[in-house]
Amino acid sequence: MSRPGGNPDETGVIQNGDQGSDPSVFNNTHTAAVTPEIRLLSAFKNDTHAHKVYLAGREYFSEDGRTFELHLVGKIKQQLNADPTLHPEYLSSFGLAEFNRRATEIALGKRSKAIVENRVLSVQTPGFTGAVRLGAELLRHWYDVSTAWEGPVYLSTPCDDALAGVFQAAGIQDICQYYYWDNEQRGVCLEKLLKDLEGAPERSVVVLSASAHYPTGADLSLDQWATITQLIMRRRLFPFLLLSAQALCSGDLERDARLVQYCVSLGMEFLCAQSFSHCFGLYGEAVGHLVCILKDNSLLLAVHSQVDKIVRSLWAQPSVGGALVVATVLSNPAHLVEWQGEVKHMVERYMLIRELLRDRLRLLGSPGCWDHLIQQSGLYCCLGLTDQQVDFLSKRRHVYLLPSGCLNMSAINGRNLDYIADSIHAALTTSL
């Protein structure tokens with residue numbers, strides 16, 4: 001007797017291992033497009049030049065060029081591993097409760113009106129991308145649960161290449177861009193930004209970096225933020241805020257979250273995605289968080305149930321390790337002071353690198369004004385180079401940067417600073 005779907009031969013034996021000429025179900029699978037970031041990393045790895053430098057990484061690098069683990073984080077990991085009271089168990093779909101509470105407090109402020117009025121939903125996610133994805137899934141049915149919303153979503157140009165794909169994976173295909181970085185101004189062009197958002201249809205989602213804008217490092221001032229939020233409220237747009245490296249922008253948790261807290265003070269409804277990978281050095285643990293601020297707490301139960309349903313279909317429950325480290329630090333005053341001290345040292349280091357690079361370019365007589373290097377903040381920086389100059393740096397000088405000359409400041413150290421500065425000068429002064 002043959003099983004359903006089996007093809008017995010003449011003796012009645014099923015030849016399950018013989019697929020014959022049946023084509024693979026994956027025959028029509030197309031190779032996905034390679035992102036510019038992956039292409040750049042591949043070129044760097046294949047480069048055999050002795051002085052090659054990769055400045056497009058996302059991690060924080062120490063002076064010796066290695067990814068940096070905070071001393072306190074390493075110590076807490078050891079303590080947690082040795083704690084006999086901790087037992088492996090699944091978290092709820094919303095994650096570790098203490099982590100969620102602390103993450104919400106540092107984003108919104110401990111005395112936030114939204115927290116007091118119980119109109120905040122907090123969810124631990126597997127990394128920053130997970131937070132954005134969960135927010136995107138929630139937005140699809142935000143306005144009308146009977147009709148899937150499909151956009152548009154407005155992203156800054158430039159922005160993280162992965163963002164558009166995350167929204168599209170959630171079924172939101174209408175992705176637009178708004179003007180942000182201007183190479184000539186070497187900073188944010190508010191006038192063009194406002195013009196683009198003014199033309200956005202009602203109910204559009206606007207993704208805004210609250211601090212440490214990736215990849216430019218150019219953040220909005222409080223006055224600029226106030227102007228943008230007025231437009232958002234008047235045009236009935238919905239803000240989706242990104243807080244990807246809180247404390248690593250200025251060295252201060254409160255200061256880096258002030259634009260988020262400003263939105264709360266206006267009574268705005270919004271989503272905010274957080275990441276703890278950079279500021280805790282938890283690159284392998286994928287510790288993210290999504291905060292949903294509602295206008296009325298009567299909506300909380302319904303949104304809570306939708307989030308629970310979505311999470312169970314995406315990842316069921318997040319992992320506990322990294323979140324427990326973060327919660328341990330944020331809930332202990334002594335740990336918090338020590339952590340802030342380590343973070344401040346990291347920030348001071350790459351702010352010094354910014355000054356040294358600016359001064360070196362000035363001494364070389366490199367064309368242009370380089371004050372924007374110290375006016376920007378955070379891990380990333382944008383030099384404002386042309387595509388030809390960026391291409392020159394990678395092919396002729398073996399220095400790899402993102403488009404427009406965006407780079408990770410922590411990847412510059414005492415061993416490669418002079419070579420990088422000389423290479424940038426050569427790109428600016430060589431006829432291309």
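Is Asp-391 buried, partly exposed or exposed? Asp-391 is partly exposed, at a relative accessible area of 37%; here buried means under 20% relative accessible area, exposed over 50%, and partly exposed in between (1.4 Å probe, protein chains only).

1. Basis of the note. This is a predicted model, in which local features need pLDDT of at least 70 and side-chain atom pairs count only at pLDDT 80 or more, while totals for chains, interfaces and linings use all residues. Residues are numbered from 1 along each chain as its sequence is written, and side-chain values use heavy atoms, with hydrogens and water left out.

2. Asp-391 and Lys-395. The side chains of these two residues meet in a salt bridge, 3.5 Å from N to O. A salt bridge is taken as a side-chain nitrogen of Lys or Arg within 4 Å of a carboxyl oxygen of Asp or Glu. Both residues belong to helix α16 (residues 387-396), and because they are 4 residues apart, about one helical turn separates them. Helices (H or I, at least four residues) and strands (E, at least two) are DSSP runs, numbered from the N terminus. Lys-395 is exposed, with a relative accessible area of 60%.

3. The search of the whole structure gives 24 salt bridges.

4. Lys-113 and Glu-117. This pair also forms a salt bridge, with the closest N and O atoms 4.0 Å apart. Lys-113 counts as exposed at 55% relative accessibility, whereas Glu-117 is partly exposed at 34%.

5. Asp-182 and Lys-192. The closest N and O atoms of this salt bridge are 3.9 Å apart. Asp-182 lies in strand β5 (residues 181-182) and Lys-192 in helix α7 (residues 190-198), so the pair ties together parts that are 10 residues apart in sequence. Asp-182 is buried, with a relative accessible area of 7%, and Lys-192 is partly exposed at 38%. Side chains of opposite charge can pair when their charged atoms come close.

6. Strands β3 and β4. Strand β3 (residues 153-157) runs parallel to strand β4 (residues 175-179), and 5 bridges join them; two strands pair if DSSP finds at least two bridges between them. Val-153 stands opposite Ile-175 in β4. From β3 the chain passes through helix α6 (residues 162-169) to β4, a right-handed β-α-β crossover. Right-handed means that, with the strands pointing away from the viewer, the path from the first strand over the helix to the second runs clockwise.
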